[in-house]
Amino acid sequence: MIETHYGEVTVPADPQRIAAVSYNTVWQLQSLDIQPVASQDYSRWAQEYTDEQNAFIDGLETVGSFGELNYEAVASAEPDLIVGDAYEIDDEAYERLSAIAPTAIYFGDSRGDWQTVVTGLADATGAQEALGRNRDAYEARIADLQQSYAEVISGQQWALITAGDGDAEFAVLFPTGEIGATLSDLGVSIAPGVPEPDEERAAFGYANYSFEYLDQYLGEADIILTPANADGSTWPPLDAVFSNSLFQALPAAQEGDVYEVYAGIRSYSDALEYLDRLEDEALAHVHP
């Protein structure tokens with residue numbers, strides 16, 4: 001018997017056929033050395049994942065795509081355990097899945113709270129050893145970077161942004177998002193002009209703002225960090241932000257302290273890889 005977002009669930013002691021029904025779940029299982037038999041269909045986004053990730057899901061049975069769960073396909077996979085997160089699996093979906101097999105669903109405080117979800121998945125699948133190993137490595141890497149780049153991390157003012165959802169918008173990434181949560185663990189100092197989220201936007205991890213606020217919100221940032229494509233190239237929607245005259249006039253842009261780093265953070269393993277990229281592509285190039 002384990003505790004999940006939807007209450008206590010009895011799960012197999014050694015599940016052999018696990019279906020991952022939420023978008024991030026299959027990658028979180030990969031970080032725990034758990035091989036599922038079914039997952040969502042990621043073919044539309046294959047270019048966003050590494051060769052290792054694409055190899056991991058190659059040949060898996062598919063159970064629909066994001067926002068379009070196929071319950072018949074889940075049943076056809078004959079799982080002895082179904083796992084996912086409550087961002088996608090609501091009460092109705094949980095009831096339908098539970099009629100197929102024991103279902104363990106987890107929910108973090110925000111979109112960036114993957115740690116709660118991964119800890120739950122480890123509990124459901126018996127992967128506590130892998131979880132502990134990954135968590136220890138992550139905490140050790142955080143400590144190493146804090147010691148090596150103390151002046152850059154805490155002495156410089158940071159802003160985390162990406163492209164906005166609408167035209168002529170940019171988005172501020174909050175500490176409750178996947179990148180923000182990792183940078184918060186690292187202890188970066190956020191520039192005083194950067195807005196803080198209200199309760200609703202905190203849960204999403206970001207908020208959109210018009211380009212007219214670029215200088216007001218980012219003008220005091222020494223370092224501006226954005227996500228990049230998996231191959232390190234600029235995410236196309238960010239071109240409109242980078243080419244805006246207000247952005248180009250920002251002190252961080254003038255000093256060449258705008259850094260693009262691929263994120264994709266869903267687990268301790270992902271976060272470790274992100275910290276390596278952050279050091280190589282940003283921290284090592286900043287002059288405090």
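Begin with the lining of the largest pocket of this predicted model: its residues divide into 22 nonpolar, 10 polar and 9 charged. The lining comprises 41 residues in total, and about 1,500 Å³ of space lies in the pocket. To find the centre, select Tyr23, Glu48, Glu178, Gly264 and Arg266, the lining residues that lie nearest to it.

Next, colour the elements that contribute to this lining. Helix H5 (114–125), strand E10, strand E11 (169–173), helix H8 and helix H9 (199–204) each supply at least two of the lining residues. Which of the elements gives the most to the lining of the largest pocket? Helix H8 does, with 3 residues.

Select H8 itself, residues 178–186. Its buried residues are Ile179, Gly180, Ala181, Thr182, Leu183 and Leu186. In an α-helix, residues three or four places apart point the same way, because there are 3.6 residues a turn. Within the buried set, Ile179, Thr182, Leu183 and Leu186 may be displayed together to view their side chains. Then step past the end of the helix to glycine 187, which follows H8 and has a positive phi, near 95 degrees.

Leucine 160 has leucine 225 in E14 as its bridge partner.

Stay on E14, residues 223–226, and show its side chains. In a regular strand, side chains alternate between the two faces of the sheet.

The last stop is the second largest pocket, with a volume of about 250 Å³. Its lining has 16 residues, and Gln30, Glu52, Gln53, Asp270 and Glu273 are those nearest the centre. Helix H1 (25–31), helix H2 (51–57) and helix H14 (268–281) are the elements that give two or more residues to this lining. H14 gives the most, with 4 residues. By class, the lining of this second pocket divides into 3 nonpolar, 7 polar and 6 charged residues.

How values were computed
Residues numbered from 1 in each chain as written. Predicted model: local features only at pLDDT ≥ 70, side-chain atom pairs only at ≥ 80, totals over all residues. Heavy atoms only, no water. Buried < 20%, exposed > 50% of the residue type's maximum accessible area, 1.4 Å probe, protein only. Pairing = 2+ DSSP bridges. 1 Å grid on protein atoms, 1.4 Å probe; cavity = no way out; pocket = protein on both sides within 12 Å on 5 of 7 lines; lining within 4 Å. Points joined across faces, edges and corners; volume = space filled by probe spheres on them. Nonpolar A, V, L, I, M, F, W, Y, C, P; charged D, E, K, R; others polar.
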